[in-house]
Amino acid sequence: MKNRVERKKRALGFTLVELLVVLAILGMLAALVGPQVLNQLGGAKSKSAAIQISDLEQALEIYKLDVGRFPTTSQGLEALVRQPSGVKGWNGPYLKKGELPQDPWGNAFDYRYPGQNGYPEIISLGADGRPGGSGENADMTS
């Protein structure tokens with residue numbers, strides 16, 4: 001009877017070797033899959049920045065319909081959430097939350113009007129927050 005109880009106790013648990021094998025397998029999987037997941041996360045931030053820029057462009061178009069022109073560079077994107085002084089026809093805020101979003105890396109979007117092509121230009125400076133760069137550090141422009 002005593003042998004049966006001891007066998008049941010041993011059968012219920014895992015040995016140290018079994019646990020180490022499982023941990024080693026999990027470690028190898030994490031080493032193989034981890035970099036791929038991190039690459040996808042970076043690409044998602046770039047896509048999110050492009051979507052945010054598109055949303056800001058749409059808000060600027062509605063602002064232009066109401067006011068008759070785009071905000072100046074000095075008024076900036078702030079004109080989408082607070083009425084600039086001396087602007088008539090403003091019917092905002094033009095953004096849903098009533099506040100300016102930051103890019104996915106926590107930086108403010110730059111705004112220029114007129115931009116290089118005569119239209120408003122909205123810029124995210126990428127992960128490094130500095131002009132230029134490549135990959136995740138690349139600038140995104142409307």
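Visitor: Which residues is phenylalanine 109 in contact with, leaving aside its neighbours within four places in sequence?

Guide: This is a predicted model: local features need pLDDT of at least 70, side-chain atom pairs count only at pLDDT 80 or more, and totals for chains, interfaces and linings use all residues. Residues are numbered from 1 along each chain as its sequence is written, and side-chain values use heavy atoms, with hydrogens and water left out. Contact means heavy atoms within 4.5 Å. Leaving aside neighbours within four places in sequence, phenylalanine 109 is in contact with Ala49, Gln52, Ile53, Leu56, Leu77, Pro101, Gln102, Asp103, Ile122, Ile123 and Ser124.

Visitor: Is phenylalanine 109 buried or exposed?

Guide: Start with the cut-offs: buried means under 20% relative accessible area, exposed over 50%, and partly exposed in between (1.4 Å probe, protein chains only). Phenylalanine 109 has a relative accessible area of 9%. Therefore phenylalanine 109 counts as buried.

Visitor: What pattern does the protein follow along the sequence?

Guide: Helices (H or I, at least four residues) and strands (E, at least two) are DSSP runs, numbered from the N terminus. The protein has two helices and three strands. Phenylalanine 109 sits in the loop between helix 2 and strand 1. Read along the sequence, the pattern is α-α-β-β-β.

Visitor: Where is proline 114, whose peptide bond from tyrosine 113 is cis?

Guide: Most peptide bonds are trans. The bond from tyrosine 113 to proline 114 is cis, with omega near 0 degrees. Proline 114 is in the loop between strand 1 (110-112) and strand 2 (121-124).

Visitor: Which residue's side chain does a polar contact of 2.8 Å join to the side chain of aspartate 66?

Guide: Aspartate 66 is in helix 2 (residues 16-67). Not counting residues up to four places away in sequence, aspartate 66 touches Lys88, Gly89, Asn91 and Tyr94. A polar contact is a pair of N or O atoms within 3.5 Å; within protein, one must be able to donate a hydrogen and the other to accept it, and residues adjacent in sequence count only if both atoms are side-chain atoms. At 2.8 Å, the partner of aspartate 66 is tyrosine 94.

Visitor: Why is the pair of tryptophan 90 and tyrosine 94 edge-to-face?

Guide: Rings of Phe, Tyr and Trp (its six-membered ring) pair if their centres lie within 6.5 Å; planes under 30 degrees apart count as stacked, over 60 as edge-to-face and the rest as tilted. By this rule there are three aromatic pairs. The centres for tryptophan 90 and tyrosine 94 are 5.7 Å apart, and the pair is edge-to-face because the planes stand at 90 degrees.

Visitor: Which residues do ring pairs link into a cluster?

Guide: Tryptophan 90 is buried, and so is tyrosine 94. Both belong to the cluster. Its members are Tyr63, Trp90 and Tyr94.

Visitor: Is aspartate 139 buried, exposed or partly exposed?

Guide: Aspartate 139 lies in the loop between strand 2 and strand 3 (140-141). Not counting residues up to four places away in sequence, aspartate 139 touches Ser124, Leu125, Arg130, Pro131 and Gly132. The relative accessible area of aspartate 139 is 31%, so this residue is partly exposed.
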